[in-house]
Amino acid sequence: MYLQFIKAILFVQLVSSVQSQCRQGCKCSSKVTICVFTQISGVPNNLPTAVTALTISGSVSSPNSFGHLSSSAFTSSRMSHLIMRYCGIDTIDAGAFRTLPELKRLNLEFNKIKILTEQSFQGLTKLTALDLTGNKKCDIRPNAFNGLAALLELRLGEMDLDTLDLNLLKQLHGLATP
């Protein structure tokens, strides 16, 4: 009984210690850090290095205003889930996601992305889900999805695409059809 009491106290101290090192807007545990931000103009600096999930979301009536997503935007190599919805992203720099080798789910819904190139998703070899819904009139260049061999789900709804070259999907062998 005494041993269980000591273990409980140590656990509470560990959780308190982890929470005290956690950035405002984040929920932290010893294994997972989830951050949710609204009304900001860029990826927050000094995120905990253990971040595994990051949500940055504006809204229809109040979108964020990122502009371009730079190649130095992210530092957490452990991140597996990234949601950047209504962030006003219009350009993705080459290698913007290269520091996120563990990323499995990427949601870029309702931004203003103008063009996707072969460099847009460089290094995302473990990505299984990509949501580009609502990026109106986006120019998806040949080979934009090269290197995304693990991709199972691709959402391109509400994009008002003039055309979609089906050759873009050739290398996506695991892509599931709903």
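Student: Asp162, buried or exposed?

Tutor: Asp162 is exposed, with a relative accessible area of 67%. The terms are set by that area, computed with a 1.4 Å probe on protein chains only: buried means under 20%, exposed over 50%, and partly exposed in between. Please note that this is a predicted model, in which local features need pLDDT of at least 70 and side-chain atom pairs count only at pLDDT 80 or more, while totals for chains, interfaces and linings use all residues. Residues are numbered from 1 along each chain as its sequence is written, and side-chain values use heavy atoms, with hydrogens and water left out.

Student: Which residue forms a salt bridge with Asp162?

Tutor: The partner is Lys137, with the closest N and O atoms 3.2 Å apart. A salt bridge here is a side-chain nitrogen of Lys or Arg within 4 Å of a carboxyl oxygen of Asp or Glu. The pair links distant parts of the chain, since Asp162 is in the segment after E11 and Lys137 in the loop between E9 and E10, 25 residues apart. Lys137 is exposed as well, with a relative accessible area of 53%. The strand labels, E, are DSSP runs of at least two residues, and helices (H or I) are runs of at least four; both are numbered from the N terminus.

Student: Switching to aromatics: how many pairs does the structure hold?

Tutor: It holds four aromatic pairs. Rings of Phe, Tyr and Trp (its six-membered ring) pair if their centres lie within 6.5 Å; planes under 30 degrees apart count as stacked, over 60 as edge-to-face and the rest as tilted. Phe97 and Phe121 form a stacked pair, 6.3 Å centre to centre, with 15° between the planes. Phe97 lies in the loop between strand E6 (89-92) and strand E7 (105-107), and Phe121 in the loop between strand E8 (115-116) and strand E9 (129-131), so the pair ties together parts that are 24 residues apart in sequence.

Student: Phe121, buried or exposed?

Tutor: Phe121 is buried, with a relative accessible area of 1%. Phe121 and Phe145 form a stacked pair, 6.3 Å centre to centre, with 20° between the planes. Phe145 is buried too, at 1%, and Phe97 is buried at 0%.

Student: Which residues do the ring pairs link into a cluster?

Tutor: The cluster consists of Phe74, Phe97, Phe121 and Phe145.

Student: Now the strands. How many residues of E3 are buried?

Tutor: Seven of the seven residues of strand E3 (residues 51-57) are buried. E3 is joined to strand E2 (residues 33-37) by five bridges, and the two run parallel. E3 also pairs with strand E5 (residues 81-85) in the parallel sense over five bridges. Two strands pair if DSSP finds at least two bridges between them.

Student: Which residue of E3 stands opposite Phe37?

Tutor: That is Ile56. Towards E5, the bridge partner of Thr55 is Ile83.

Student: And where is Asn64 found?

Tutor: Asn64 is in the loop between E3 and strand E4 (67-69), and it is buried at 4%.

Student: Which backbone nitrogens does its side chain reach?

Tutor: A polar atom of the Asn64 side chain lies 3.0 Å from the backbone nitrogen of Gln39, and the side chain reaches the backbone nitrogen of Ile40 at 2.9 Å. A polar contact is a pair of N or O atoms within 3.5 Å; within protein, one must be able to donate a hydrogen and the other to accept it, and residues adjacent in sequence count only if both atoms are side-chain atoms. Leaving aside neighbours within four places in sequence, the residues in contact with Asn64 (heavy atoms within 4.5 Å) include Thr38, Ile56, Tyr86 and Cys87.
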